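Please read the following walk through a structure with the sequence and the 3D view at hand.

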Amino acid sequence: MTDPPPPTAAKPHSSSSCTPLEQEVLDEYARLLANLQKLSTSVSTLADRPTAEILDGLRLLERKTSLVCTLLKASVYSIVLQQQIYGGDDGGGEEEG
């Protein structure tokens, strides 16, 4: 598959045929085109990589994500438990007195 020729970047026109708003829109379209070309290049690069390599990377990412999730749950549980312990001590003392 052959790549299309690179587009020329939109340059501001000095002619009065474009209003400033129209020129901004044209510039945004030029940026969008550049971003889409970068995305196309990235997708093409990923498509050329072996599937096993991609799967290994995703497995590693999944392990790291699950570890972070587990640590977050443990931290939340610890905070809730500490609040219950401290809240129970304060609340018990007030009820008795």
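Is Arg49 buried, partly exposed or exposed? Arg49 is partly exposed, with a relative accessible area of 33%. The model is predicted, and the values that follow are computed from it.

Arg49 also takes part in a salt bridge: its side chain meets that of Glu53, at 2.9 Å from N to O. Glu53 has a relative accessibility of 40%, so Glu53 too counts as partly exposed, because that class lies between 20% and 50%.

The structure holds 3 salt bridges. Another of them joins the side chains of Glu28 and Arg31, with 2.2 Å from N to O. Both residues belong to helix α1, which covers residues 20-48. Glu28 and Arg31 are 3 residues apart, about one turn of the helix. Glu28 has a relative accessibility of 46% and therefore counts as partly exposed. For Arg31 the relative accessibility is 46%, and Arg31 is likewise partly exposed.

Helix α2, residues 51-96, holds both Arg59 and Asp56. These two form a salt bridge in which the closest N and O atoms are 3.1 Å apart. Arg59 and Asp56 are separated by 3 residues along the helix, about one turn. Arg59 is partly exposed, at a relative accessible area of 44%. Asp56 is partly exposed as well, and its relative accessible area is 46%.

The next topic is the nonpolar side chains on the surface. Leu21, Val25, Tyr29, Leu32, Leu36, Leu39 and Val43 form a nonpolar patch there. Together they have about 700 Å² of accessible area. One of these residues, Leu32, is found in helix α1. Leu32 has a relative accessible area of 43%, which makes this leucine partly exposed.

How many disulfides does the structure hold? The structure holds 0 disulfides. Cys18 has a relative accessibility of 23% and counts as partly exposed; the value is not under 20%, so Cys18 does not count as buried. Cys69 is partly exposed too, with a relative accessible area of 36%.

Terms used:
Residues numbered from 1 in each chain as written. Predicted model: local features only at pLDDT ≥ 70, side-chain atom pairs only at ≥ 80, totals over all residues. Heavy atoms only, no water. Salt bridge = Lys/Arg side-chain N within 4 Å of Asp/Glu carboxyl O. Helix = DSSP H or I, 4+ residues; strand = E, 2+ residues; numbered from the N terminus. Buried < 20%, exposed > 50% of the residue type's maximum accessible area, 1.4 Å probe, protein only. Patch = residues over 30% accessible without salt bridge, like charges linked within 9 Å, V, L, I, M, F, W, Y side chains within 5 Å. Areas by Shrake-Rupley, 256 points an atom, 1.4 Å probe, with all protein chains shown as cover. Disulfide = S-S within 2.5 Å.
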